[in-house]
Structure formats: structure tokens, C-alpha cells
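Hi,

Here is the structure I promised to send over. Have a look at it first, and then read my notes below.

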Amino acid sequence: MLSLFCHCPGNKMKKHIFLIGIFISIASAIWAQNPIVPPGVYVADPSAHVWNDGKLYIYGSLDESTDYYCSWRHHVLSSTDLLNWTILRDRFASKGSNDQVPESDALLFAPDCQFKNGVYYLYYCLPDHLYTAGVATAPNPAGPFMNGKNIDLGGYNQIDPCVFIDDDGQAYYMWGQFTAKMAKLLPNMKELDKSTIRDSVLTEKEHYFHEGGYMVKRNGIYYFIYAHMGRSYMPTCIGYATATSPMGPFKYGGVIIDNDGCDPGNWNNHGSIVEYKGQWYVFYHRATHGSKMMRKACVEPITFNADGSINEVEMTSQGAGGPLNARQQIDAERACLLHGNVRIQMCAADNEELGGICNEDRAAFKYLNFGQGVKKVILRVKPGNKGGKIDLVLDSPWSGVVASVEVLARSKQDEWLTLSAAIKPVTGVHALWLNFYGAGDSLFAVDWLRFEE
């Protein structure tokens, strides 16, 4: 159980926020662009699927601490438009209430889900001493998934399962770290045909493969999606390789998205691609809290070229929607790119802030629509001991300053102030950068901003 010290208003629990148990309802609807989960919910490793009910579902791991990855539970997300999301909570567990893995109380790492003959199969993995893999079932895509059963991996015990079903009905199971393993599933969808197990379907040397496999088929091409180790000496990218048969050989394709710069402590990425209502998307995660953990699922639209290659896209705040309306409140957790020490962090059970801000840190929001023009910016800020300054610039962090907000040193502990400043004429769509200046550490925190005509 994680305890975070916090002073933000609205914290009814005073000094401690317990991330376990904050959200007790079975399902709740939220609105979001990026990230697609609300403050206080940290869903990582998003595996996206579209089922016969017309909804898009996300199966992922649930972070709850900066001390370890994941948790003992899985939530499921669903949407009909990729802007309004429903969180279906506690759909599977390895410990505690609704424990469906009696042989182990280990954490639940990244899962996947598949559907065949009226049954939904949740494939899970646990980083216990055996690196246990298993499968649970449900009659509907949201579960709850029941009766976990071990899967014998033929001695290749590693994490991150993914299951792909080809047009002929044959199912394939993929998993592994550093090298991708693959095998055919038997018709019962619960056992591997161990005679078909292949190692090194993808490798770190040839494909930059790290972990987190996922497969789709488009126009006769098989796309193997995975956490890509080729940049920054970290698996920050979602990469892909292609083949004309499901078990390869696979040719390296490139990078779809890179989450480097989403948080000063970020380490990995893990995601999927899916077509929904005629548009393809990449789902991925971004870290928060200056850590490798506390990751939040995000989405970006992607495009294919005539030869089947995928164009790399950037991280944005708008995600599957259009540019954010500059005249509406833009919450701090929408920042998609952070330079320096600044990070997104929880400050109340239902709120997150830009905190840990130091001199010359920067935060970007991509993209905002200023329409026909605005005249004033308003920010909600919690001053630090010495105060500082926030410069607003457009498109590039080194562009000219369009507004500057002075933040005086705090007069009271935990005091949130609403500050405003005039802004030079701005119209149309732009990236917005907040450049922070001041003496010392933890200059101030930012909760939200908006612009007025």
C-alpha cells in the first residue's frame, strides 16, 4: 500500500493518500484525452482490442506505488469514442478479494485478452520465482475473469503474454524479454503446442526487442509491436517488425512512438495498435511521479504508408481528440513533455499537479486551439518558499515570451493562488510551453491554466 505525503486542497485524508481503495465503485465514466485515465488511476501496458459489441477495450496493468511495478489487480477500460472512457474496476486479482490465482500471491504484470467461441480469455503473468503464466475466462469482455489456470511455457518462463488469432482460427501465444518467444495455442486456448515453441522470433540485436509483444494483421502483413530498446539506452519506444507469416521471419520496421521526456524518471514503454472506426491508433503509457512507475495510458492516431510502413508520431496532450480548447481549464496532468526535474504527481485523491519544479524546467502542452484570439492567461499555482516566474511561449521552448506570470513567495503553507497576466495576441493552434524560473528547488506547483478573451 502506497502512502504519499500531500498538502493539496481537497485532501480529506490530510497527510496521507492511500492509492489502494480510493476508487471503490465497480465502474465509473470519465472524460479524457491524454492521459485517458483520470487523476489517481495509473493503468500501464495498454493492450487494445475491439470486440463484437463495437467498443474498444483496454487491458493493462495497474500501478499503485513508486516502489514496485503494477499491483495485484487488473482494471479494464472501455470506450465508444476514445474520449469518454469507462473504468471497470477489479476485473481480476491474484491476491485478496476475488483471488483467482490460488497458487501465487505475486503481482500481476502486463496482461492481454482474446475472444474465441463465445469466451473471453485473459492471459496474465506474475513475476514470482517461477515467472508464472496463466489464463482466466469470462463470458463478456469486461469480466470478471475467473478460474485462473497455469500455462506451461515449456521452460521459457518470462513475462508479457500476447495472443493473436489468425484468419484461419489458429491462435498464437507470444511472450518474453530480450528475445521474443512464440508458439501455437491448442484449440482450448489454454495450452501451448510445445512442439511449436520458437525462441528469438525477435531479438534485441536485430529488432531492438525488449519486451511487451502484441500482434495485428493488416493487408496481409503481420505487425509485431513491442517495447523497443533502440534509443536513449532505454525501452522508451513502441517499435514494430513485419512479416508475411505469423511466426516470421520478421523484418525490423521502425519506431511508432517514443515516450522519452514524459517524466524525469521514465524507463519503459509498452503498448499496442488497433483500428477503430476507420482510424488506426497506437496506445502506450507515460510515467509520472519522477519514477519508472505510476504510468498512465495514452493514445495517438497513426498512419500507414503505401508500402505498409508506419509513420512515427509524437506524444501529445490532445490524443485521439482535436487540439485542446485554450478557453477551457487545462489540467496540469495533460502536459505531454517535461524537461528538467518537473513531473506530474498526485496531490489529492482526485487531482494531480506539475510539481518538483526547478529553475529552467519546462513543460509542454500539445496542442492548444486559441481560436480567434485571447487576451489573458489564468493559472492556479501553489507558491514555494522563494517564488519565481512562469514564462509562456508558443511552438518552441526558445520562442519569444507571449506572457509572464510572477509567482511571489508563499505567505501561508499550502496556499493555492489564482494568478493572471496579459498575453500578446495569439490565434490558431500552437504548442504551449511553460518555462519556469526561480532560485532553489520546488519553486511552486501548477494545478491548471486557461485563457480568456
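What follows is a short tour of what turned up. Bear in mind that this is a predicted model.

Let me start with the sheet I kept coming back to. It is an open one of four strands in the order S8-S9-S10-S11, with antiparallel pairing. Strand S8 (112-116) and strand S11 (146-150) are the edges, each pairing on one side only. On average, neighbouring strands here are turned by 25° against each other, direction ignored. Tyr124 stands opposite Gly134 of S10.

In one of them, the ring centres of Phe92 and Tyr124 are 4.8 Å apart and the planes are at 35°, so the pair is tilted. Phe92 belongs to strand S7 (residues 84-93) and Tyr124 to strand S9, so this pair ties together parts that are 32 residues apart in sequence. Buried or exposed, these two? Phe92 is buried, at a relative accessible area of 0%, and Tyr124 counts as buried at 0% as well.

Now compare Tyr208 and Tyr252: their ring centres are 5.2 Å apart with the planes at 70°, so this pair is edge-to-face. It links distant parts of the chain, with Tyr208 in the loop between helix H1 (204-207) and strand S15 (209-218), and Tyr252 in strand S18 (residues 251-258), 44 residues apart. Tyr208 counts as partly exposed at 33% relative accessibility, and Tyr252 is partly exposed too, at 29%.

Still on rings, Tyr121, Tyr123, Tyr173 and Trp175 make up one aromatic cluster. There are also charges over rings: the charged end of Arg218 sits over Phe304, 3.9 Å from the ring centre, while Lys292 lies over the face of Trp267 at 5.3 Å from the ring centre.

Most residues other than glycine have a negative phi, and most peptide bonds are trans, so the following are worth a look.

- The Asn34 to Pro35 peptide bond is cis, with omega near -5°. Asn34 lies in the loop between strand S3 (27-31) and strand S4 (43-50), and Pro35 is found in that loop too.
- The bond from Lys366 to Tyr367 is also cis, with omega near 0°. Tyr367 lies in strand S27 (residues 362-369).
- Asp90 has a positive phi of about 55° although it is not a glycine. Asp90 lies in strand S7 and is partly exposed, with a relative accessible area of 32%.
- Asn117 has a positive phi as well, near 50°. Asn117 is found in the loop between S8 and S9 and is exposed, at a relative accessible area of 71%.

One last stop at Asn34. What does its side chain reach? The backbone oxygen of Thr316, at 3.0 Å. Asn34 is buried, with a relative accessible area of 0%. Leaving aside residues up to four places away in sequence, its contacts include Tyr284, Arg286, Cys298, Glu300, Ser317 and Glu333.

Over to you!

Cheers

Key
Residues are numbered from 1 along each chain as its sequence is written. This is a predicted model: local features need pLDDT of at least 70, side-chain atom pairs count only at pLDDT 80 or more; totals for chains, interfaces and linings use all residues. Side-chain values use heavy atoms; hydrogens and water are left out. Helices (H or I, at least four residues) and strands (E, at least two) are DSSP runs, numbered from the N terminus. Buried means under 20% relative accessible area, exposed over 50%, partly exposed in between (1.4 Å probe, protein chains only). A polar contact is a pair of N or O atoms within 3.5 Å; within protein, one must be able to donate a hydrogen and the other to accept it, and residues adjacent in sequence count only if both atoms are side-chain atoms. Contact means heavy atoms within 4.5 Å. Two strands pair if DSSP finds at least two bridges between them. Axes are lines fitted to C-alpha atoms, for helices over the stretch in contact, and angles run from 0 to 180 degrees between N-to-C directions. Rings of Phe, Tyr and Trp (its six-membered ring) pair if their centres lie within 6.5 Å; planes under 30 degrees apart count as stacked, over 60 as edge-to-face and the rest as tilted. A charge sits over a ring if NZ of Lys or CZ of Arg is within 6 Å of the ring centre and within 35 degrees of the ring normal.
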